[in-house]
Amino acid sequence: MAKGYWVSVYRTIADPERLAAYDKLAGPAVKAAGGRLLSRGSRVVAHDAGIAERTVLIEFDSFEQAVAARASAAYQEALAVLADGVERDFRIIEGLD
């Protein structure tokens, strides 16, 4: 079974306090849903049209698990706290089997 991944690339962080509050809720929500944080780095080398801002990579045992985690009540609570504190590109992708 192919793994699932969350890939978040932050374009701008307008409200660091909202982001910190989101992190406090999102971390436990992701972990409870079976997610494993692989990278939440501030060190980024961007190429082409990329933006050298915060990038987050989270792994799940399956694509379906990754999709369900995003829809979970706990993660939705974290998103409500984040609101418009950041602009990011958030994707759920299926890994290679």
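D48 counts as exposed, because its relative accessibility is 85%. On this scale, exposed means over 50% relative accessible area, buried means under 20%, and partly exposed lies in between, using a 1.4 Å probe and protein chains only. A word on the source. This is a predicted model, where local features need pLDDT of at least 70 and side-chain atom pairs count only at pLDDT 80 or more, while totals for chains, interfaces and linings use all residues. Residues are numbered from 1 along each chain as its sequence is written, and side-chain values use heavy atoms, with hydrogens and water left out.

Back to D48. It lies in the loop between β2 and β3. Most residues other than glycine have a negative phi. A83 is another case, with a positive phi near 45° in a residue other than glycine. Find A83 in the loop between α3 and β4. At 45% relative accessibility, A83 counts as partly exposed.

I have been using element names. Helices are DSSP runs of H or I with at least four residues, strands are runs of E with at least two, and both are numbered from the N terminus.

Now helix α1. It covers residues 16–32, which is 17 residues. From first C-alpha to last it reaches 24 Å, close to the 24 Å expected at 1.5 Å a residue. The expected span is 1.5 Å times one less than the number of residues. Where does α1 bend? It bends by about 25° at D23. That bend is the angle between two fitted axes, one for the seven residues ending there and one for the seven starting there.

Look at the two ends. At the start of α1, a side-chain oxygen of D15 comes to within 3.1 Å of the backbone nitrogen of E17. Just after α1, G34 takes a positive phi of about 95°.

Which residues of α1 are buried? L19, Y22, A26, A29 and V30 are. An α-helix has 3.6 residues a turn, so residues three or four places apart point the same way. The cover over the buried residues of α1 includes β1 (4–13), β3 (55–60), α3 (73–82) and β4 (86–94).

Next, the core. A nonpolar core is a set of buried Ala, Val, Leu, Ile, Met, Phe, Trp, Tyr and Cys residues joined through side-chain atoms within 4.5 Å. The largest one has 18 residues, and W6, Y22, F60 and Y75 touch the most other members. At least two residues of this core come from each of β1, α1, β3, α2 (63–71) and α3. Helix α1 gives the most, with five residues.

Take Y75. Contact here means heavy atoms within 4.5 Å. Leaving aside neighbours within four places in sequence, Y75 is in contact with residues including W6, Y22, A26 and F90.

On to charges. Side chains of opposite charge can pair when their charged atoms come close. A salt bridge is a side-chain nitrogen of Lys or Arg within 4 Å of a carboxyl oxygen of Asp or Glu. How many salt bridges are there by this rule? The count is eight.

One joins the side chains of D15 and R18, at 3.6 Å from N to O. D15 is partly exposed, because its relative accessibility is 26%. R18 is partly exposed too, at 31%.

R36 forms a salt bridge with E59, the closest N and O atoms being 3.3 Å apart. R36 lies in strand β2 (residues 36–41) and E59 in strand β3, so this pair ties together parts 23 residues apart in sequence. E59 is buried, at 12% relative accessible area.

R36 also meets D61 in a salt bridge, at 2.9 Å from N to O. D61 sits in the loop between β3 and α2 and R36 in strand β2, so the pair ties together parts 25 residues apart in sequence. K3, R36, E59 and D61 are linked in a network of salt bridges.

Last stop, R54. Like D48, it lies in the loop between β2 and β3. Is R54 buried or exposed? R54 is buried, at 14% relative accessible area. Its side chain makes a polar contact with the side chain of D23, at 2.9 Å. A polar contact is a pair of N or O atoms within 3.5 Å; within protein, one must be able to donate a hydrogen and the other to accept it, and residues adjacent in sequence count only if both atoms are side-chain atoms. D23 is also where α1 bends. Beyond four places in sequence, the contacts of R54 include S8, L19, D23 and R40.
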